[in-house]
Amino acid sequence: MSTSGPGSTIGRERSGGYVVPTQSSDVGTRSFMRRAYMFALIFYGIPMLLAFLGFRQVVFELEASRRGELELRLEETLSTIEAGADTLEFMTRLLQELGKRVYAKPDPAATFRRLAITLKKRFPGIFEFTFVDESGAVVEELSDVTVSHFLLKQFFADYRNYLAGHSTGYGRNKAFIRSFFGSFVPVEGDIHEKLHYASAQSHHRFLFLTRPRAGGMLIVHLNQPKNWDEIALRDRVLSHNRQQSRIHVNKRVPIPVTVVGLNQRLSTVFAPFGLDVIRGKAIWKSFRSSLTSSKWHDSVLWSRRAVFPHLSLLASVPFAEDSDIHRLDRVLFACLVLLWLALAVITHRVMDGRLPLYVSVRAKLIFAFMYTAAVPLIVMGITARTYLTERRQVLESHLHTDVEKSMIAFDSVFPHTFEPMALNVKNAFLRLSPPHGASVSSLIPELNSIQTSFAIDSLRIFDVSGKAVYENIDDAVRSLKNEDFNMFDRIAATIIRNLNSHFAAASAPAPDNKANQASQSDMDWFLSNITKQLGNISTYEFGPGSFLISILPVFDDTQHAIFLAVAAWSRARIERQYLVKRLIGFARQLPDTDLYAWNRRDEALSIPHPFRFDRLIHSFRDRAHSTSHGARDRRVMSGDTLLLTGVRCQELIEYNLVAVSRDVQIRRELNDIAWRFAFTAFIMILISITVGILLARAFLAPIAHLSAGVAALRLRDFEATIPVLDDDELGRLSAAFNGMIEGLADLELARVMQESLFPDKPLSLGDWSVYGTCLSASQVGGDYFDYFPVDERRIIIIIGDVTGHGISAALVAAMAKAILAHPCHETNPAKILTAMHTVIAGVLRRKKLMTCFSAVFDVVTGKAIVSNAGHNYPYLIRDGRPQLIEAVGFPLGIARQREFKSREIDLSPGDTLFFYTDGLIEAVDNSGAPLNYPCFEAALPGLLRKNPVETERAIRAWHASRVRPGPPDDDITMVILQSIPGVQTSASDSSILDSITVPQRLFL
């Protein structure tokens, strides 16, 4: 019953209306909100926190990868600088570049003058230049060394002719060459564009010559001061810093480097980096307390590299954080917070009923099990991923370290291969023991055998006078022929005399006085070193290569030294033989690893050649610049991860060793760890499923029985009961349901009895037909309607609505039916309402009210007499336009001694009179608002059909399409009186007339 709308005069009682909040209800509301948001904090917050932590883990890994790249770049920088720690190689490249730049210009003298000034500033006290013009004449103002112009001009012409192929040699004046160039400079073969060891003295220790050109030739003497290495190292650092200063900051972060001396003050060490002494001390102290050479301090990477015992390199590079990643981090955090707030609000509205959401118990249980199992699995997954990532880094580092140590050990073993050979060669010469006074010709077969057995590349025999009496030199060491062994000519006699304990200079054969005058001190130094290494194999640099040389005396049968043998091996050949023989076997000791020995001077001498990973390591193989630190990298090829490890050999001086290791063992261990994590996750899932099944059975079995009981109620089977499985909440609920279903059986009987009060068929008289239905909001309702014929031309139509629902309202409706069915009831609508009001008011005493509309319609005259007791005005639809039939009155039972008024209306053929209760208009539509009268009035004409039955169905269908699904909030009753021309009273209608006994006074 509505408080608004046509014909409404009183508000209807509601069983579930809103309650005015009080202080206690406010406290309960706040407590409920706290519980809702606490639930949202735990239920939604934990997964969102895990998602955020997972993203942060990815960010940390990206930052770790970028830090690793920065560390690798810093190591490469220091290794590149340290590679120049071989000052001789550095000076050679520097002077070669000087020659190219000088003679690439049209005026070599002017270019040299400018560049010489720069070099002398960069390397004070090291270079002394001699500039020779195109004719071989010395340019005095560009030269630092005093020299015989005539002899140097003669050497220039001879050397040019030799290089042009017009002569076989250039040593017409060997004494001048040795005195000016140095005692150890070879006087045969190509000697230009190489740095030669010239003298044992620090003054003019090394010599360098450019190739004679049309513009002349440049001769450079290099002195070797005590700080020779430091000067060169500082110059390389200075050049690096100049290059780094030109790097664009946004493109690549520059890496400044400085040289640190042994006792240098920290204030000067860290001044180039802009740090004070306090911070510098903290950084320097961390290097002393750590085994690693790199340290992070305040997002700055510091690295220290010892190059010489008294010198080290210090470098730093800042780590620039990726602003895009951190911006994405903040955006993700804000989105997660907003998402949590939205879900929290939705959860609160769902829990307090303002946002209906139906989820089955089965779905809730499944979701709960998935949630309780998924959250620990996600945590374990994040932990496993972090652990596996860190474990891979550790295993890769260990693999690099193990391979690096193995390659260093392989390199360090090379010199020890000489020891057995040196002993065997020494024993072979000792076993010669020729007769006293024997000539070398008698030893030639034995010498040839020894040279063949030990693969000696060059063998020369000197007699007691220092004269070479035997010579056999292989093409591989052709550079050692003649003049390179002249030094042995000068010292061979001395060594033999020393062995025979004859030290008298007078008894010695006269040596080459000119050479001795030029370099007596050098010969003394060389003789001293040779004597110490007598019988051993030592490395010496001659001309373009490095050679292994052994000085071996030959004793006669009287134990007197009569010959001195000088055996030489090409060190490059020995190194290559060592690698060919042992590298493959050594590689087999390293699992899943391929080794490659890269020759830095000639790639064709690399072993193996070609190498199957040559393209992969092409840009990596020369990164091993340092002799103390290896190079490391990782590459992915065809889905496999390959670890590259490179070292610069110290003993195999021309080679870098590169190892390509497959991560088979690493993946095997990581897969084993991952399998353990997966097995643990599987056990957790299995436990969750088992517990879920058990809980589902415990919950769903009683719920299934309850569902079956509800289904039985839907089918109105009130004899069905459900089993009580256990004495718990669900068991007690099942028992309560069984008790309720017993009560519903009585209620069903009441419903059947109430439905029997309503007419179930249409009634037709003349050209008019009436039909009505009632849809109760509960099992029994408070709406009432009735229609029946009074005589052969009049029909009584009654429709009413009792306040409330259920049994009490149904009893009032039944009372109304009893009043109408009484033989003494009136046929006047106003009197009918008066009679009903008298009974209801006297019996119920205003505990229940009832609205009612009564009409008596004459099908012959078309006149209808109506009276209203507070009910909704009916609609008269005529010519497609609805209009309300206004009749004012008060509800039945509201007070005593009420009189009801009647009015008469005329109905024409084609008219329709529509009666209804307020449940039809007040039903809530899909938007949550109640249907209103204008909406219903607009749709009503289009819903009329050819008879009242079809019209009722059309109105019901329209109404169902507009309101939200579910049971109605209030009873909905409709009665339709419709003109149907040509329809006569049916047999059923006649039987109704016959079955009703109408008192005579009803027809008065």
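Modeller: Let's begin with Asp-592, which is partly exposed, with a relative accessible area of 25%. Buried means under 20% relative accessible area, exposed over 50%, and partly exposed in between, using a 1.4 Å probe and protein chains only. Keep in mind that this is a predicted model, where local features need pLDDT of at least 70, side-chain atom pairs count only at pLDDT 80 or more, and totals for chains, interfaces and linings use all residues. Residues are numbered from 1 along each chain as its sequence is written, and side-chain values use heavy atoms, with hydrogens and water left out.

Biologist: Where is Asp-592 placed, and what is its phi near?

Modeller: The general idea is that most residues other than glycine have a negative phi. Asp-592 has a positive one, near 55 degrees, and sits in the loop between helix 16 (571-588) and strand 14. Helices (H or I, at least four residues) and strands (E, at least two) are DSSP runs, numbered from the N terminus. Ala-455 also isn't a glycine, yet its phi is positive at about 50 degrees. You'll find Ala-455 in the loop between helix 13 (444-453) and strand 9 (458-463), and with a relative accessible area of 34% it counts as partly exposed.

Biologist: And peptide bonds: which form does the one from Ile-607 to Pro-608 take, cis or trans?

Modeller: Most peptide bonds are trans. The bond from Ile-607 to Pro-608 is cis, with omega near -10 degrees. Another cis bond runs from His-609 to Pro-610, where omega is near 0 degrees. Pro-608 lies in the loop between strand 14 (593-599) and helix 17 (614-617), and Pro-610 is in the loop between strand 14 and helix 17 too.

Biologist: What about Asn-868: buried or exposed?

Modeller: Buried, because its relative accessibility is 1%. Asn-868 belongs to strand 23 (residues 863-869). Leaving out residues up to four places away in sequence, it touches several others, among them Leu-833, Cys-852, Tyr-873, Phe-890 and Lys-901; contact means heavy atoms within 4.5 Å.

Biologist: Which backbone nitrogen lies 2.8 Å from a polar atom of the Asn-868 side chain?

Modeller: That of His-871. The backbone nitrogen of Gly-870 lies 3.4 Å from a polar atom of the Asn-868 side chain. The idea to carry over is the polar contact: a pair of N or O atoms within 3.5 Å; within protein, one must be able to donate a hydrogen and the other to accept it, and residues adjacent in sequence count only if both atoms are side-chain atoms.
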